[in-house]
Amino acid sequence: MASKKSPNPIDIHVGSRVRLRRMMLGMSQEKLGEHLGITFQQIQKYEKGTNRIGASRLQAIARVLSVPVAFFFEDAPGLAPVAGDQGFEDQASTSYVVDFLSSSEGLALNKAFIRIKDPKQRRKVVELVKAMAGDEDE
């Protein structure tokens, strides 16, 4: 009995980045599907990595979500830099940011935080969260 092939990690990553950006814009799967002329079920499959996103479709998604195509590949697993092209290799991975913003709580917290106009209040919110997390060092 043949087992189903599991999705490629890159496809999963790209799909999660589509979901992240869609959620950041407050766009539903149905609305994104309408812009692309496909069903929301297809968007679900793309976001889970179950179905691969073709190049032309990825370009269309990038246009609708107002990001460059490269956005979907940032911090993708297994992408080693090309020899002589290390760039910012020593920078810490930002995958924790993607994980945070992919959660409903992270997205809600981020949206609320952005609406705080007073820099002093913003710092106090950061201090409060650090204290609650037990992170006194940073």
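I counted the salt bridges first: the structure holds 4. For this I took a side-chain nitrogen of Lys or Arg within 4 Å of a carboxyl oxygen of Asp or Glu. This is a predicted model, so I kept local features only at pLDDT of at least 70 and side-chain atom pairs only at pLDDT 80 or more, while totals for chains, interfaces and linings use all residues. Residues are numbered from 1 along each chain as its sequence is written, and side-chain values use heavy atoms, with hydrogens and water left out.

**Entry: Glu74 and Arg17**

I looked up Glu74 next. Its salt-bridge partner is Arg17, with the closest N and O atoms 2.8 Å apart. Arg17 sits in helix α1 (residues 9–24) and Glu74 in the loop between α4 (55–65) and α5 (95–102), so this pair ties together parts 57 residues apart in sequence. I read helices as DSSP runs (H or I, at least four residues), numbered from the N terminus. Then I checked exposure. I call a residue buried under 20% relative accessible area, exposed over 50%, and partly exposed in between (1.4 Å probe, protein chains only). Arg17 is buried at 4%. Glu74 is partly exposed at 42%.

**Entry: Arg22 and Glu47**

I found a salt bridge between the side chains of Arg22 and Glu47, at 2.6 Å from N to O. Arg22 belongs to helix α1 and Glu47 to helix α3 (residues 40–48), so the pair ties together parts 25 residues apart in sequence. Are these two buried or exposed? Arg22 is buried, with 7% relative accessibility. Glu47 is buried too, at 8%.

**Entry: Glu34 and Lys31**

I noted a salt bridge from Glu34 to Lys31, whose closest N and O atoms are 3.8 Å apart. Both residues are in helix α2 (residues 29–36); they are 3 residues apart, so about one helical turn separates them. Glu34 is exposed at 51%. Lys31 is partly exposed at 42%.

**Entry: His13**

I went back to helix α1, where His13 lies. His13 is buried, with 11% relative accessibility. Which backbone oxygen does the side chain of His13 reach? That of Glu74, at 2.6 Å. I then listed what His13 touches, taking contact as heavy atoms within 4.5 Å. Leaving aside residues up to four places away in sequence, His13 touches Phe72, Phe73, Glu74, Asp75, Ala76 and Pro77. I flagged Glu74 in particular: its backbone oxygen is reached by His13, and Glu74 forms a salt bridge with Arg17.

Notes: Helix = DSSP H or I, 4+ residues; strand = E, 2+ residues; numbered from the N terminus. Polar contact = N/O pair within 3.5 Å; in protein donor to acceptor, adjacent residues only side chain to side chain.
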